[in-house]
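Please open the model in your viewer and keep the selection tool at hand.

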Amino acid sequence: MAVKFSIKTISSFFQVLFLIVILFFTHPCFSADPDPLQDICVADLNSTIRVNGFPCKPDSQVTSDDFFFSGLMTGASTANPEGFGVKLGDVTTFPGLNTQGLTVNRIDLAPGGIIPLHVHPRASEANFLLQGNIFFGFITTNDVLYAKFMKPGELNIIPRGLVHFAANVGPRKAIVIAILNSQNPGIARIPNNLFNSTPTIPDYILARNFRVNEKIIAIIKSKFRFNGSLATATSDDI
């Protein structure tokens, strides 16, 4: 018998989110970023100095607001060909995460929407399905696909650096809370990397990799030149 799961209050949602963070990130094997050397180090996003991350804001300038974030309360626009949008909760939008080894993003998918094939080079990822029905999968380096249909309340794990994707297979919008064990996990979108790089990958190389005619590669590239929806994930929309 299927188990129905619902989150009726904001407080219960954050209780679940807190448990996920504790369970996923307190075990040493999940650590991605270096351990902090001090209690707090709110990122100074205006500094021109970068040494594998952001410098700390002076303690005298730190306030309580640096440790609270409301950027995930509303979703990003899904009005694009892929039908998905991301609200980022990484160090660039939430400076209090600096040195804490944590990112929490909100992903909204319209009915039929997809999260395109991509990788996070610096983090493992836990995905909690808050709403909707999702087909989620990842591919190992020996080409094995691990995939499953997820229901609200379920959680999955994407190992660091592996290609993964998702599709909304339900009749209504889906919401995923993605938790990554790095303050700046990075993202490499496979379709954009291949067909919209600067400078571009030569058509004949892509054609031989995909075993198709170069004319087909040219057609695919033309779709990406006029499609900016996939180019950048920001805290506002996609």
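Contact here means heavy atoms within 4.5 Å. This is a predicted model, in which local features need pLDDT of at least 70 and side-chain atom pairs count only at pLDDT 80 or more, while totals for chains, interfaces and linings use all residues. Residues are numbered from 1 along each chain as its sequence is written, and side-chain values use heavy atoms, with hydrogens and water left out.

Select L109 to begin: leaving aside neighbours within four places in sequence, L109 is in contact with T78, G83, F84, I114, I115, I134, N168, K173, A174 and V176.

Of its 19 residues, F84, I107, L109, I115, I134, F136 and V176 touch the most other members. Strands (DSSP runs of E, at least two residues, numbered from the N terminus) β1, β2 (103–109), β5 and β9 (174–180) each supply at least two residues of this core, and β9 gives the most, with four.

Now colour the open sheet of five strands, whose order is β6-β5-β8-β3-β10 with antiparallel pairing (two strands pair if DSSP finds at least two bridges between them). Its edge strands are β6 (145–150) and β10 (188–189), each pairing on one side only. Six bridges join β5 (residues 134–139) to β6, and I139 has L145 as its bridge partner in β6.

Finally, select F68, which counts as exposed because its relative accessibility is 63%.

Conventions. Buried < 20%, exposed > 50% of the residue type's maximum accessible area, 1.4 Å probe, protein only. Core = buried A, V, L, I, M, F, W, Y, C linked by side-chain atoms within 4.5 Å.
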